[in-house]
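Q: Hi! Could you show me how to read the inside of a protein, step by step?

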Amino acid sequence: MGEALIGRLEAAVSRLEALSGGARGGLSDTASAQDPPIVAFDDLVASALGRVSAAAGKIGADVAEVTGLVERAFLVGKDLLVRTNHTQKPTMESVTTFMGPLNETILEANALAEGTRSIYANHLKAAAGSLAALAWIGYTGKGCGMPLPIAHVEESWQMAEFYSNKVLVEYKNKDPDHVEWAKALKELYVPNLRDYVKRYYPLGPAWQPPGSANNKAPSVPSAPTSLSISSASSSHPKSGMSAVFAEISSGKPVTQGLRKVTDDMKSKNRTDKTGVVAAEGKETRNAPSFSSTKGPAKLELQMGRKWVAEHHVGNKSLIIEDCDTKQSVYVYGCKDCVLQVKGKVNNITIDKCIKVGVLFKGVVAACEIVNCNSAEVQCEGSVPTISIDNTSGCQLYLSKESLETSITTAKSSEINALVPDANTDGDWAEHSLPQQYIHAFKDGQFTTSPVSHSGA
């Protein structure tokens, strides 16, 4: 078994080195290829990505295919890094063209994962969703529409981790190859890519200054000329990295409709005093209409205190960013959606939702799941109380910081809490919360205890 694994790993590394060598011989020049940051990137591809490829080779099928796209995306990313050594910083408009080859690869991965009925759907969504982390290469400074590269890599992985965790839970006691693939994919980005960016590009790529002798226009001759998801179909075109993300988002639900509420959109800063801030994206190009029969889809901040996400269907990239501990989040009537709350808030309520996932940094008071069917909730920080009422099917992913939370259930079934496994690295230990109880009259009063099922 050990020799076979080593053989697969060596084969994967050889393939990656061959592909990398082909890229170096084409668009990259010898001097740039020998730069320490580029050499380090080659090492990252050969080691960390090679581990993912080796695991995918053992699984085969769709997992191997989507991992191949991850390989290609990283090699395209390397070529873009080499180009930054000979390119002046792109403008907000030209950065979209510069990032075009990477965008095309991400869209191909998105198309593979979108609407799939594969038994490996979670693998496909994890891999495709993770590729947004490579967009840090297009960072051009403040105002470009994305956080600093290190933060961007970490935040981009969080959404993909939602699906990789599902792989870990599903295959923990079934197939170690799938567990290895999920762990290797995570470590490719965190810590490997994150630490690489921290060491070599904490403030973004080293673009050539204007007027340099080696300076070239920020164009990519080999880039595809037909980006069907460009701003041609929008009456409100975006620019810079916002355009890159908008193009990526229209290709796959996991990155669809990325939204950010700016300071001037908050109710306290608005001049119309309506008290309601509509989230950006209602008029974005090619944006599908996520609505239900009960009302229009909403993602808005009301009166500066309450975030509301209502009636979304099939939207896997609802994001709330500019939030604080004085605000609450209310999710209502959503189906087959994923919401990410990137800041700590006062409380979160999930009401009358079906097949929803909610990821949040932490809450001050409580997280409530009410009248839901098939909900998944993941806390990355602390949460004092979790209340589950009249809900069928709920998966709770608790971080080490949230292990002291108090969980209250009522009229609910199929509730599982997953916590970090103390005996393994990166695995989850699953605990089923009891839904059946025995009530016995003893010593003048009733006593209640959960039903214990023996494995005899």
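**Reading the core and a helix pair**

A: Happy to! This is a predicted model. The largest nonpolar core has 69 residues, and those touching the most other members are Phe74, Trp136, Trp181, Leu188, Tyr189, Leu193 and Tyr196.

Q: Which helices each supply at least two residues of this core?

A: They are H3 (36-59), H4 (61-84), H5 (95-98), H6 (100-113), H7, H8 (149-171) and H9. There is also a second, separate core of 36 residues, which includes Leu301, Val329, Val331 and Leu398.

Q: How do I tell whether valine 153 is buried or exposed?

A: Look at the relative accessible area: a residue under 20% counts as buried. Valine 153 has 0%, so it is buried. This valine sits in helix H8.

Q: Which residues is valine 153 in contact with, leaving aside its neighbours within four places in sequence?

A: Valine 153 meets Ala133, Trp136, Tyr189, Leu193, Arg194 and Val197. Taking leucine 193 in turn, and again leaving aside neighbours within four places in sequence, its contacts include Leu44, Phe74 and Val153.

Q: At what angle do the axes of H7 and H9 cross?

A: The axes of H7 (residues 121-130) and H9 (residues 176-200) cross at roughly 10 degrees and come within 11 Å. Angles under 35 degrees count as roughly parallel, so H7 is roughly parallel to H9.

Q: Which residues meet there?

A: From H7 come His123, Ala126, Ala127 and Ser130, and from H9 come His178, Trp181, Leu185 and Tyr189. The residues of this contact divide into 5 nonpolar and 3 polar, with no charged ones.

Technical notes. Residues are numbered from 1 along each chain as its sequence is written. This is a predicted model: local features need pLDDT of at least 70, side-chain atom pairs count only at pLDDT 80 or more; totals for chains, interfaces and linings use all residues. Side-chain values use heavy atoms; hydrogens and water are left out. Axes are lines fitted to C-alpha atoms, for helices over the stretch in contact, and angles run from 0 to 180 degrees between N-to-C directions. Helices (H or I, at least four residues) and strands (E, at least two) are DSSP runs, numbered from the N terminus. Angles under 35 degrees count as roughly parallel, over 145 as roughly antiparallel, 65 to 115 as roughly perpendicular and the rest as oblique. Contact means heavy atoms within 4.5 Å. Ala, Val, Leu, Ile, Met, Phe, Trp, Tyr, Cys and Pro count as nonpolar, Asp, Glu, Lys and Arg as charged, and the others, Gly among them, as polar. A nonpolar core is a set of buried Ala, Val, Leu, Ile, Met, Phe, Trp, Tyr and Cys residues joined through side-chain atoms within 4.5 Å. Buried means under 20% relative accessible area, exposed over 50%, partly exposed in between (1.4 Å probe, protein chains only).
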